[in-house]
Amino acid sequence: MSSLWIVLAVRCLLVLLFLPFSALDKILNLKQAVAQGEQAVSARSLATALIVVGFGVELVMSLAILTGIADRMAAFILAGYCVLTALLWKQFWKAPDFRLKGPSRGREVFWDFLKNLSLSGGFLMLALGTDASGVQSFCNHPLASSHPYAAIAPAGGAQ
């Protein structure tokens, strides 16, 4: 029974950034989120659409990962979302003060960029598994659940 709680806790850690915090921030600070999005895409209507779609992705995909319903596809989508948000919102290469030593806003954004990419790796591991058979399984059945809360059979198959 305790292993099920560990599985749930790990999944909570994986979506912690999105479900309670980022999604809630988009609701509470919509104007600021759209303004930040406008800096990336230079069009208010597109920025608004991206923020609303981002909210939906964060909410629905996080819930799918927590419940285990189509969790592998949800993790795959969140991996892409992390890469996309890194490229759109964490553009360290545009910072005029990017340097490795001393104070640098560009370096701070660079770390955020790397964190997004690293998080996408965690989601891809959940989606695809840790070996080639997991990738093949995902390709064959992308909407299948990983059944994260299924009871673990004892060794030797005894029940």
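Which residues does Ser-120 touch, not counting residues up to four places away in sequence? Ser-120 touches Ala-79, Cys-82 and Val-83, where contact means heavy atoms within 4.5 Å. This is a predicted model, in which local features need pLDDT of at least 70 and side-chain atom pairs count only at pLDDT 80 or more, while totals for chains, interfaces and linings use all residues. Residues are numbered from 1 along each chain as its sequence is written, and side-chain values use heavy atoms, with hydrogens and water left out.

**Ser-120**

- Ser-120 has its place in helix H6, helices being DSSP runs (H or I) of at least four residues, numbered from the N terminus.
- With a relative accessible area of 6%, Ser-120 is buried (buried means under 20%, exposed over 50% and partly exposed in between, with a 1.4 Å probe and protein chains only).

**Pockets**

- The largest pocket holds about 690 Å³ of space; a pocket is an open set of points on a 1 Å grid over the protein atoms alone, where a 1.4 Å probe fits, with protein on both sides within 12 Å along at least five of seven lines, and lining residues have an atom within 4 Å of a point.
- A volume is the space filled by probe spheres set on the points, which are joined across faces, edges and corners.
- Of the 26 residues that line the largest pocket, Ser-22, Lys-26, Glu-58, Tyr-81 and Thr-85 are the closest to its centre.
- The lining of the largest pocket divides into 13 nonpolar, seven polar and six charged residues (Ala, Val, Leu, Ile, Met, Phe, Trp, Tyr, Cys and Pro count as nonpolar, Asp, Glu, Lys and Arg as charged, and the others, Gly among them, as polar).
- About 310 Å³ of space lies in the second largest pocket, and of its 13 lining residues the closest to the centre are Gln-39, Trp-89, Lys-90, Gln-91 and Val-109.
- Helix H6 gives the most to the lining of the second largest pocket, with four residues.

**Aromatic pairs**

- The count comes to 10 aromatic pairs, with rings of Phe, Tyr and Trp (its six-membered ring) pairing if their centres lie within 6.5 Å, and with planes under 30 degrees apart counted as stacked, over 60 as edge-to-face and the rest as tilted.
- The rings of Phe-76 and Phe-138 have their centres 5.1 Å apart and their planes at 35°, so this pair is tilted.
- Phe-76 lies in helix H5 and Phe-138 in helix H7, 62 residues apart, and their pair links distant parts of the chain.
- Phe-76 is partly exposed at 38% relative accessible area, whereas Phe-138 is buried at 6%.

Technical notes. Helices (H or I, at least four residues) and strands (E, at least two) are DSSP runs, numbered from the N terminus.
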